[in-house]
Amino acid sequence: MNKIVIAIDGHSGCGKSSTAKSVAKALGYTYIDSGAMYRAATLHFLNSHTVLTNPKDVKKGLESLVISFQVNPNNQKQETYLNGLNVEEEIRTMRVSDYVSEVSKIKEVRQELVAQQQKLGSKKGVVMDGRDIGTVVFPDAELKIFMTAAIQIRAERRQKEILEKGELIELDKIINNLQERDRIDSSRAESPLIKAEDAIEIDTSYLDFENQVEQIVSLAKERLAEKV
């Protein structure tokens, strides 16, 4: 059966990951969480006290970085592993959020993780979300989506997500974090966050979750029909 690559880019807190997971499930595709990979790399560097401004230190850290995904048999959810340890909850904390954009803009880090991502998607039938998926990782993806939403709504969603993990963070702090991440992601020299020319923009500010998933699944089926 023909399969395609679906690239979902956009700002932090737009629901990219949860949407991508549901789209992958609906189509029977593999979901690859690129954001989790950068978060895992960030946690790795934080735990090893890597000096991010020291190229030799970063290179050394990358040599001992092993990221993988495993499905939890208890809840059937895909979880992130760092060097063999489950770090799914730890990579979602504000400790990691505060540094992930800084780590993500390091050229050597991006090169290593992009290579891993391209290998994972080489056989197609994948949905991947991030910030440079449609422009750098899979520039030839058959379907490219760019998701956005109002900053206040994005912050409220992120606050709820963090609260569900037992951590309470003030909304103003989350807004500041998202704004700073937007600034860094959009202005970095290496693979900045930009909308691909052939990407379809979806504003999720006032969309029901089921509706935004349905839109992308429908677009994917149209692309598949075109390939037949």
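Predicted model: local features only at pLDDT ≥ 70, side-chain atom pairs only at ≥ 80, totals over all residues.
Residues are numbered from 1 along each chain as its sequence is written. Local features need pLDDT of at least 70, side-chain atom pairs count only at pLDDT 80 or more, totals for chains, interfaces and linings use all residues, and side-chain values use heavy atoms, leaving out hydrogens and water.

Me: At what angle do helix 4 and helix 8 pack?
Reply: Happy to start there! Helices here are DSSP runs (H or I, at least four residues), numbered from the N terminus. Helix 4 covers residues 94-104 and helix 8 covers residues 171-187, with axes 8 Å apart. Each axis is a line fitted to C-alpha atoms over the stretch in contact, and angles run from 0 to 180 degrees between N-to-C directions; for this pair the angle is about 20°.

Me: Is helix 4 roughly parallel or roughly antiparallel to helix 8?
Reply: The two helices pack at an angle of about 20°. Angles under 35 degrees count as roughly parallel, over 145 as roughly antiparallel, 65 to 115 as roughly perpendicular and the rest as oblique. That makes helix 4, relative to helix 8, roughly parallel.

Me: Which residues of helix 8 meet helix 4?
Reply: Contact means heavy atoms within 4.5 Å. From helix 4 come M94, S97, D98, V100, S101 and E102, and their partners in helix 8 are K173, N177, R181, I184 and D185.

Me: How are helix 2 and helix 4 placed, roughly parallel or roughly perpendicular?
Reply: Helix 2 spans 34-47. The axes of helix 2 and helix 4 come within 8 Å and cross at roughly 100°. The two helices are therefore roughly perpendicular.

Me: How many nonpolar residues does the contact of helix 2 with helix 4 have?
Reply: On the helix 2 side, Y38, R39, T42, L43, F45, L46 and N47 take part, and they meet R95, V96, S97, Y99, V100, V103 and S104 of helix 4. Ala, Val, Leu, Ile, Met, Phe, Trp, Tyr, Cys and Pro count as nonpolar, Asp, Glu, Lys and Arg as charged, and the others, Gly among them, as polar. Besides 4 polar and 2 charged residues, the number of nonpolar ones is 8.

Me: What covers the buried residues of helix 4?
Reply: Buried means under 20% relative accessible area, with exposed over 50% and partly exposed in between (1.4 Å probe, protein chains only). In helix 4, M94, V96, S97, V100, S101, V103 and S104 are buried. Their cover includes helix 2, helix 5, helix 7 (151-163) and helix 8.

Me: Is R188 buried or exposed?
Reply: R188 lies in the loop between helix 8 and strand 8 (200-203), strands being DSSP runs (E, at least two). Not counting residues up to four places away in sequence, R188 touches S104, K105, R110, R131 and L193. With a relative accessible area of 6%, R188 is buried.

Me: Which side chain joins the side chain of R188 in a polar contact?
Reply: A polar contact is a pair of N or O atoms within 3.5 Å; within protein, one must be able to donate a hydrogen and the other to accept it, and residues adjacent in sequence count only if both atoms are side-chain atoms. The backbone oxygen of S191 lies 2.7 Å from a polar atom of the R188 side chain. The side-chain partner, at 3.3 Å, is D185.

Me: What is the relative accessible area of R110?
Reply: R110 sits in helix 5 (residues 107-120). Its side chain makes a polar contact of 3.4 Å with the side chain of Y38. R110 is buried, and its relative accessible area is 3%.
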